[in-house]
Amino acid sequence: MPFQFTVSPDFSPDHLSGWYIFNTWLQKQTGQAIHLEMYSSFQSQREVIQRDNIDLIYANPFDAAMLVREKGFLPLVKAVGVSDEAIIAVSADNFIDDVANLLPGTKVAVTEDPDVRMMGMIMLEPADLNASNMEVTVYDTYILVAKNLLQGNVDVGVFLAEAYDDLSNMIKSKLKILVRSQISVINHSLMIGPKFADKRDEIQNLLVSMDQDDKGKSVLKSLGFEAWTKVEDEEMEFMIDLMDTLAI
Amino acid sequence: MIHDMKPADIVGDYKEAVLDLYGGITRIVLYTDIETPYPDGKLIVSTTDKEGIITHVNKAFVEMSGYTEDELLDSPHSILRHPDMPAVAFKDLWDTVNAGKHWQGYVKNLRKDGGYYWVKATVIPNIRQGKVVSYTSVRRKPSRAKVEECIKLYPTLF
């Protein structure tokens, strides 16, 4: 039976082929058959996780608690220097310059990304905005969030900072950032399931030394990463605790 | 370690109060009317042991408190206790987290320079192998309306 590998559905579309390249590299290095399955929604991916059909996952921090505490997953690595940050933006011609001045009834555009959405909601709290007094619309992509902001269909957009930074200069020139989070400790992690826990050290060692040869470096580049670094159990527990504090 | 506050560290005109802190500690605090606004987009994160002694702080904690990391580590978390905060709020905090539950509330914190900053604080017990081993506190920017409510409410709780 091959390993079942999946990637959090919030991966950047630019890196889709990179994950397949990474999977090929990983199979060669481990001699283990690994099947990569990408899911288009968090919901469909979670259903497969619930059926215990995932062995390896590049997981959104929001799902980490469920993976570790309910499914017995263990952390392997995270990308060096990469953390999940969120941006609250409005149209450039919006007179509001401070989140605190947003009013009840504000129309907010988000995507399904659970951690970014949570960070965004936290950054809207200073305006006393919450699920009960704002109008939230979920879009499939950040491009659509930007488009609806520019068309005036929504007042505020919640973006993954990386996705916002990747928008074209033309689009960014028509938007205005109100807040950019600086949390630093929330990040995606590659995690391994309990059926293959005995392979954890082997895979972890392969990954942390991946940037030390040209082939590995080029695979990392296709993912948009420079290197992997080990995630200790306690570091993962701490991030889960942190996510717990933010979810309430 | 926690010490009495020193006039040399204070910025602006100050008042003095004596606080009775958890663990039988008495501390002289000096405080001013100068508020430092909570920075947008940041979280203040710290961890304490079961006795409330600080074991980890992040950069935002250091920046907002005015203390150095060395001054904060090994000090009781009550180093931030402002005399305007009623003791009953912290009793509720400890009762809640000791019961293994999450606590959330609005807190006025005291800076090393005598100034203050308001936070929305969440404290959770860190449970490892079924046992509480420490506590993590995460502070975020509060809504001004909630802060105004607390400014009215807290003086009635002494």
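Tutor: Gladly. Residues 24 or more positions apart make up 50% of the contacts in chain B with a separation of 6 or more. Keep in mind that this is a predicted model.

Student: What makes two residues count as a contact there?

Tutor: They are in contact if their C-beta atoms, placed from the backbone, lie within 7 Å.

Student: Which pattern does chain B follow along the sequence?

Tutor: Chain B has four helices and seven strands, and read along the sequence they come as β-β-β-β-α-α-α-β-β-β-α.

Student: Why is chain B called as compact as a globular protein of its length?

Tutor: Set the value against the rule: the radius of gyration of chain B is 15 Å, and the globule rule gives 15 Å for 158 residues, so chain B is as compact as a globular protein of that length. Along its principal axes, its C-alpha trace spans about 50 × 35 × 30 Å.

Student: What share of chain B is buried, and what makes a residue buried?

Tutor: Buried residues are 35% of the 158 in chain B.

Student: How do you know what span to expect for helix α3 of chain B?

Tutor: The expected span is 1.5 Å times one less than the number of residues. Helix α3 of chain B, residues 87-98, has 12 residues, and 17 Å from its first C-alpha to its last is close to the expected 16 Å. After α3(B) comes B:G100, with a positive phi near 80°.

Student: What are the domains of chain A, and how do you know where they lie?

Tutor: The bounds come from an automatic or database domain assignment. In chain A they give domain 1 (3-82 + 185-246) and domain 2 (86-180). The centres of these two domains of chain A, taken over C-alpha atoms, are separated by 28 Å. Eight residues of domain 1 of chain A are in contact with seven residues of domain 2 of chain A; that side of domain 1 divides into five nonpolar, two polar and one charged.

Student: How many residues of chain A are in contact with chain B, and which element gives the largest share?

Tutor: 20 residues of chain A are in contact with 19 residues of chain B. On the chain A side, α4 (114-124), β9 (175-180) and α10 (233-246) each give two or more residues, and α10(A) gives the largest share, six residues. By type, that side holds 11 nonpolar, three polar and six charged residues.

Notes: Residues are numbered from 1 along each chain as its sequence is written. Chains are lettered from A and ligands numbered from 1 in the order in which they are written. This is a predicted model: local features need pLDDT of at least 70, side-chain atom pairs count only at pLDDT 80 or more; totals for chains, interfaces and linings use all residues. Ala, Val, Leu, Ile, Met, Phe, Trp, Tyr, Cys and Pro count as nonpolar, Asp, Glu, Lys and Arg as charged, and the others, Gly among them, as polar. The radius of gyration is taken over C-alpha atoms; the globule rule is 2.2 Å times the number of residues to the power 0.38. A residue is buried if 20 or more other C-beta atoms lie within 10 Å of its own, exposed if 12 or fewer, and partly exposed in between; C-beta atoms are placed from the backbone.
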